[in-house]
Amino acid sequence: MRDHPGVRAIALATGLIPPRPMHSAAEAGLLRSLAIGARCIVEIGVYEGSSAFIFCDALRPGAQLHLIDPFVDESGWAMRTGWHGTPIATRLAVRRRVRAGGPSVCWHIARSQDVGRQWGGPAVDLVFIDGDHSRLACREDWDVWHPHVRPGGVVAFHDARLGSPGGTGGPGPTAVITELFRGAESPPGWHLSAEVDSLVVGQRSGPR
């Protein structure tokens, strides 16, 4: 029963349980370091809010945290079978985590690609891609969002090191990283800046 989505939603919403951990300790540490000093972060794929908690703790007052999740697994590649988040429960959990004077949290209950195509917000310091894990959707997230990243900013892919030494992940995000960064040339103006466990970070050239 503890994994039943309805039971978890009630427990999460009332603060009886924390979000289900979705990252290793090393991945959490890297995400935290990338968030420090950021003015705008976009997270694609929120689920119960474990990575949103990391960003809420790291972001300074006045920063923006945009959380994007349709809370519908259209392709079947976003979550394990039987897992799904509940937007109300996750909103309440994140709201409790935001300290007084912390970041401004903006919710987008929508497809990440649709939000990115209509983006009118500021330049982004960090885009964290952890939503639909199909190759096509993950690549579309990159294509739509990386132009919004400021010089020195980063795009981080979760579950993107399947088959790499010391790595793990899924075939979709791993294929996108291979296409973009494992060949002879990286995308113009971009380079790999960090990798740990299943997390891969691409950085745009320029001072951060």
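User: How is a pocket defined, and how much space lies in the second largest pocket?

Analyst: On a 1 Å grid over the protein atoms alone, a pocket is an open set of points with protein on both sides within 12 Å along at least five of seven lines, and lining residues have an atom within 4 Å of a point. Grid points are joined across faces, edges and corners, and a volume is the space filled by probe spheres set on the points. In this predicted model, local features need pLDDT of at least 70, side-chain atom pairs count only at pLDDT 80 or more, and totals for chains, interfaces and linings use all residues. Residues are numbered from 1 along each chain as its sequence is written, and side-chain values use heavy atoms, with hydrogens and water left out. The second largest pocket holds about 180 Å³ of space.

User: Which residues line the second largest pocket?

Analyst: Its lining has 14 residues, and His 23, Ala 28, Ser 50, Phe 53 and Ile 54 lie nearest the centre. Helices are DSSP runs of H or I with at least four residues, strands are E runs of at least two, and both are numbered from the N terminus. The elements giving two or more residues to this lining are α2 (25–35) and α3; α3 gives the most, with four residues.

User: How are the strands arranged in the sheet?

Analyst: Two strands pair if DSSP finds at least two bridges between them. Here, seven strands form an open sheet in the order β3-β2-β1-β4-β5-β7-β6, with mixed pairing. Because β3 (104–108) and β6 (190–196) stand at the edges with a single partner strand each, one side of each has no neighbour in the sheet. An antiparallel case is β5 (residues 149–157) with β7 (residues 199–204), over four bridges; there, Val 155 has Gly 202 of β7 as its bridge partner.

User: Which strands pair with β1 in the parallel sense?

Analyst: β1 pairs in the parallel sense with β2 (residues 64–68) over five bridges, and Ile 41 has Leu 65 in β2 as its bridge partner. β1 also pairs in the parallel sense with β4 (residues 124–129), over four bridges, where Glu 43 stands opposite Phe 128.

User: Are the faces of β1 buried or exposed?

Analyst: In a regular strand the side chains alternate between the two faces of the sheet. Buried means under 20% relative accessible area (1.4 Å probe, protein chains only). Cys 40, Val 42 and Ile 44 on one side of β1, and Ile 41 and Glu 43 on the other, are all buried. Five of the five residues of β1 (residues 40–44) are buried, so this strand is largely enclosed by the rest of the structure.

Note on methods
Buried means under 20% relative accessible area, exposed over 50%, partly exposed in between (1.4 Å probe, protein chains only). On a 1 Å grid over the protein atoms alone, a cavity is a set of points where a 1.4 Å probe fits but cannot get out, and a pocket is an open set with protein on both sides within 12 Å along at least five of seven lines; lining residues have an atom within 4 Å of a point.
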